[in-house]
Amino acid sequence: SVYHAKSKLKMSIPNSETNNGVPYTQLPESDNNSGNTPASSCRRPKKSAFMILTGLVAFLLFFVAVKYGNNDDSDDVNPGPVPPEETVCNMLGSNLMPLTTMRTLARGVAEGVSAKSRGHFLGARPFPWTQKMLAWQRTSFHFQPKKNWMNGPLYYKGWYHLFYQYNPEAAVWGNIVWGHAVSKDLIHWQHLPVAMVADQWYDINGVWTGSATFLPNGDLIMLYTGSTNELVQVQNLAYPADPSDPLLRKWIKYEGNPVLSPPPGIGVKDFRDPTTAWTTPEGKWRITIGSKINKTGISLVYDTIDFKKFELLKGVLHGVPGTGMWECVDFYPVSKIVENGLDTSENGPAVKHVLKSSLDDDRNDYYALGTYDAGAGKWVPDNPINDVGIGLRYDYGNFYASKTFYDQEKKRRVLWAWIKETDSEAADICRGWASLQSIPRTIKYDKKTGSNIITWPVAEVENLRSNNNEFNKVVVKPGSIVPLEVGSATQLDIMAEFEVDQNMLKKVDGSNATYDCIKSGGSAERGALGPFGLLVLTDNSLSEQTPIYFYIAKDLTGNFNTFFCNDLTRSSEATDVRKLIYGSTVPVLQGEKLSLRALVDHSIVESFAQNGRTAITSRVYPTKAIYENAKIYLFNNATDISVTATIKIWQMNSANIKSN
């Protein structure tokens, strides 16, 4: 869950040093006598005999499901109980896990959300992961819970708050409550107790995604989706129990909840994820909520004065046929002139509006630039070819359920997303945790192209840099690989530029062949002008490698099209991980060098081309290229050109993420 917020208030709290020497700010003391504390959702330890019996039963259920299940309709499969962590670890470590024949178990589908688990791969025997391998996969400067499953922040009285969908019970989707953490800089975090639990009839089956709005008097309210006792999706109102508490530790649910239910013609499981509210010309507040009608994805529009009673506007903010259910809709302005981000209520001739949706059908986040008519409550895309769900994406890899918030303290709009696992559910259970948040990214309008936005890691992440290595004007000939000696390449921030001889580009004959990152043969498919780039998380024998690369295509008329890709097909020798090829085109303007940035943090790689015009996030699970055996290389698999690379590489310190 990602929320929008703004505040001009600051706190002055003395700095201290944590155990590992990372500067951090102490939390204010909690007032143990103030109000009601949300009920803890962590269950008490069971007696030994009960645990043993439960483990045996769960083990048998798990074995039968894996061994004999072959249901092809994942939407109808009940995932069942979660096997004990110790049982699964023993099976994985001893290589006794049975051959899987079952499709992915669809955790969340029956409850009316997109599938939140994968975990079985047809005909593939789970890899015998060791605890050392699994321990390496935990990231060091990305936010994730200490244990279990998670799925954006707001800024309040000097603190960034991250409320996120969290399962305190297990490393799979289910039992969803709101986890809570706070930070001074979006990088170092302190976990706090669970902020909101599923304890009312209107949210008993899950406290799901919501958004925050600040009222003119400074009050903060939350709208969130709850799943009722009958699995109906409704919208609910909550607010801080103590607005003077900068850590927002306690919340009160409005006694008149729910404040919105599915309107006529909308499915009871197709009405979720309210946005941050913005103001209308009439002085009302306006929100939009994702839904669908048949296969047309839509965003419903509601006006309100008090967030307790709402008016449904006629029609929709926007809809796109064939895109299916719209989740986690986001709607916000970007300036065509200034670099700063804008508050959600901003509008005018120098403003474009971004409409974004997470598509339930394909689990990707799409956006489009357009024009918002505040009077009519309608939005129209600039380019219908690049409409929501059929055109541009925030990120062309593993990146979903994103939302933005306006950081008034630093006058920027910040984007967060949920990054899922792409290994097996068995490995998740054994490891004890699953999924994480992307590095927060700023969003700006691309004034050079006028047709896209730019996403880029927040500047604060650069404070983790250390031990800079520079490689200047390295010539990489066709078919060659060049090692870059930086020590262990597990935690890196990489900036690279590639120059291609312009005369050679002119000499190379064009072709009528089309190129597509996803449908290509990956980095092994050689062309006249590509691929070339970096190999990250690569072992010395090159048996495991994760290429991030450019591919230039030249057509018969002499025009060039540049692609930015990430090939995972050889990223791991494990058989039970998804190894896809990600990528898309990236605009390259006249006179621009090809540039990329990559943040490598153990099992996640976030890559950005041309200063953030195109981004790719991937999860990587090597078995050899880990710890000191993780290396980085330059490569050029083009047949007709050499490339000259200039690279800066920083080792990255770990963020301090403290338990509550």
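Asn236 is found in strand 10 (residues 233-240), where strands are DSSP runs of E with at least two residues, numbered from the N terminus. The model is predicted: local features need pLDDT of at least 70, side-chain atom pairs count only at pLDDT 80 or more, and totals for chains, interfaces and linings use all residues. Residues are numbered from 1 along each chain as its sequence is written, and side-chain values use heavy atoms, with hydrogens and water left out.

The relative accessibility of Asn236 is 0%, so Asn236 counts as buried (under 20% relative accessible area, with a 1.4 Å probe and protein chains only). Beyond its neighbours within four places in sequence, Asn236 has contacts that include Tyr202, Asp203, Tyr224 and Asn257 (heavy atoms within 4.5 Å).

The whole structure holds 29 aromatic pairs. Rings of Phe, Tyr and Trp (its six-membered ring) pair if their centres lie within 6.5 Å; planes under 30 degrees apart count as stacked, over 60 as edge-to-face and the rest as tilted. Phe331 and Tyr372 form an edge-to-face pair, at 5.1 Å centre to centre and 75° between the planes. Because Phe331 lies in strand 17 (residues 326-335) and Tyr372 in strand 19 (residues 364-373), this pair ties together parts 41 residues apart in sequence. Phe331 is buried, at 3% relative accessible area, and Tyr372 is buried at 9%.

The ring centres of Phe550 and Phe564 are 5.3 Å apart with planes at 40°, so this pair is tilted. Phe550 belongs to strand 31 (residues 546-554) and Phe564 to strand 32 (residues 560-567), 14 residues apart. Both Phe550 and Phe564 are buried. Ring pairs also link Phe143, Tyr164, Tyr166, Trp189 and Trp416 into a cluster.

Conventions
Helix = DSSP H or I, 4+ residues; strand = E, 2+ residues; numbered from the N terminus. Buried < 20%, exposed > 50% of the residue type's maximum accessible area, 1.4 Å probe, protein only.
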